[in-house]
Amino acid sequence: MTSTTTRLLRLLSLLQDGTHTGRDLAERLAVTDRTLRQDIARLRELGYPVHAARGPVGGYRLGQGATMPPLLLDDDEAVAVAVAMNIAADGSTGIADIHTNLERAQSKMDRILPKRLQRKVTALRAVTDIGPAVTGSREPDAPVPAETLATLATAIRAATTIHAGGDLEPYRLISWQRRWYLVAYSLESHTWQALPVAALTEITPGDRHFAPRTLPDADLVAFVLREIASTGWQVHARVTVLAPAETVIARINPTVGVVEPLDDTSCLLLTGADRLETIAIYLSMLMMDFRVDSPPELVTHIQTLAHRYAAATSQ
């Protein structure tokens, strides 16, 4: 026999997942139809809008009410919500009062999370940095399971190696444009890397502790953005910009590319994206004269755009 409170919480969890027939709910809770109806009435008294529909496709479901009753989240949902709130609090959302509201929500989550989940959330917060917001075109999302992030965060906090296609020393997680990157030192190539977490397969914790190395950059977000710009995209481009390097650097976000001076009036921009169209948009937003050195496909694409724009503005 389970207590009434435990049974009500179980019932609420089932109703949050969708519509269930009375028979299904009674069987899953191991109660009689009469007890189920009593439990439904108790939930309604507590402010949960439980709706009932008759007929062959009817059943009980949780609807919308006039007030905000408590929610039940499973472990993965609770960790995902806590991590999302942390990212939103540190990133740019464009909502004026969101930071105050998020702090209050985070405080409530922290008070109710079980210790096993609190350790995961705390680890993720401690080892995660948020990249800068970028206006304009954005690359497709690359979602990562919360459990994967928790595994990486635990390894970073404990300074233990991981195996993900090779042995790595993990140092930091970077969240940028709805993508996750792992700053790690490869024990096989002996190089620092910014690895897209979504591309890592079969991540398994190692059992060897490591002593922290000298980081490749004091600002690991900047390190990741440089790596993304120079090597982290499916398409890369070399562009000569007819403006001083300092002028271009002041104009672009570090995620757009790496700038190298050529002389006092020009510089080399190394940039990339997952699509040629995105690079073309970035270059048009520079509002500076430029020459595409490579790849040839980008030259062709910009020529097509030039003809299209010219035709659109001709009389």
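**Helix packing and selected residues in the predicted model**

The buried residues of helix H3 are Leu36, Asp39, Ile40 and Leu43. Around the helix axis these residues span an arc of only 105°, which means that they sit on the same side of H3. The model discussed here is a predicted one.

H3 itself runs over residues 33–45, 13 residues in total. From its first C-alpha to its last, H3 reaches 19 Å, close to the 18 Å expected at 1.5 Å a residue. H3 is followed by Gly47, a residue with a positive phi, near 105°.

The axes of H1 and H3 come within 10 Å and cross at roughly 80°. Since angles of 65 to 115 degrees count as roughly perpendicular, H1 is therefore roughly perpendicular to H3. On the H1 side, the contact is made by Thr4, Arg7, Leu8, Leu11, Leu12 and Leu15. These meet Thr35, Leu36, Asp39, Ile40, Arg42 and Leu43 in H3. Sorted by class, the contact of H1 with H3 has 7 nonpolar, 2 polar and 3 charged residues. Leu36, Asp39, Ile40 and Leu43, the buried residues of H3, are among the H3 residues that take part in this contact.

Is Ala52 buried or exposed? With a relative accessibility of 55%, Ala52 counts as exposed, because the exposed class begins over 50%. Leaving aside residues up to four places away in sequence, Ala52 touches Arg44, Gly59 and Tyr60.

H11 covers residues 296–313 and has 18 residues. Its reach from first C-alpha to last is 26 Å, close to the 26 Å expected at 1.5 Å a residue. Within H11, Leu298, His301 and Leu305 are buried. They cover an arc of only 65° around the axis, so they fall on the same side of H11. Pro296, His307 and Ala311 are exposed on the face turned away from that buried side. The buried residues of H11 pack against helix H10 (276–286) and against strands E9 (235–241) and E12 (290–294).

Helix H6 (residues 115–127) contains Thr122. At a relative accessible area of 35%, Thr122 is partly exposed. Thr122 and Ala150 are 28 residues apart in sequence, and their C-alpha atoms are 9.7 Å apart in space.

Finally, the protein can be viewed as a whole. The protein has 11 helices and 12 strands. Of its 315 residues, 40% are buried. Among contacts with a separation of 6 or more, 59% come from residues 24 or more positions apart.

Note on methods
Residues are numbered from 1 along each chain as its sequence is written. This is a predicted model: local features need pLDDT of at least 70, side-chain atom pairs count only at pLDDT 80 or more; totals for chains, interfaces and linings use all residues. Side-chain values use heavy atoms; hydrogens and water are left out. Helices (H or I, at least four residues) and strands (E, at least two) are DSSP runs, numbered from the N terminus. The expected span of a helix is 1.5 Å times one less than its number of residues. Buried means under 20% relative accessible area, exposed over 50%, partly exposed in between (1.4 Å probe, protein chains only). The arc is that of the directions from the helix axis to the C-beta atoms. Axes are lines fitted to C-alpha atoms, for helices over the stretch in contact, and angles run from 0 to 180 degrees between N-to-C directions. Angles under 35 degrees count as roughly parallel, over 145 as roughly antiparallel, 65 to 115 as roughly perpendicular and the rest as oblique. Contact means heavy atoms within 4.5 Å. Ala, Val, Leu, Ile, Met, Phe, Trp, Tyr, Cys and Pro count as nonpolar, Asp, Glu, Lys and Arg as charged, and the others, Gly among them, as polar.
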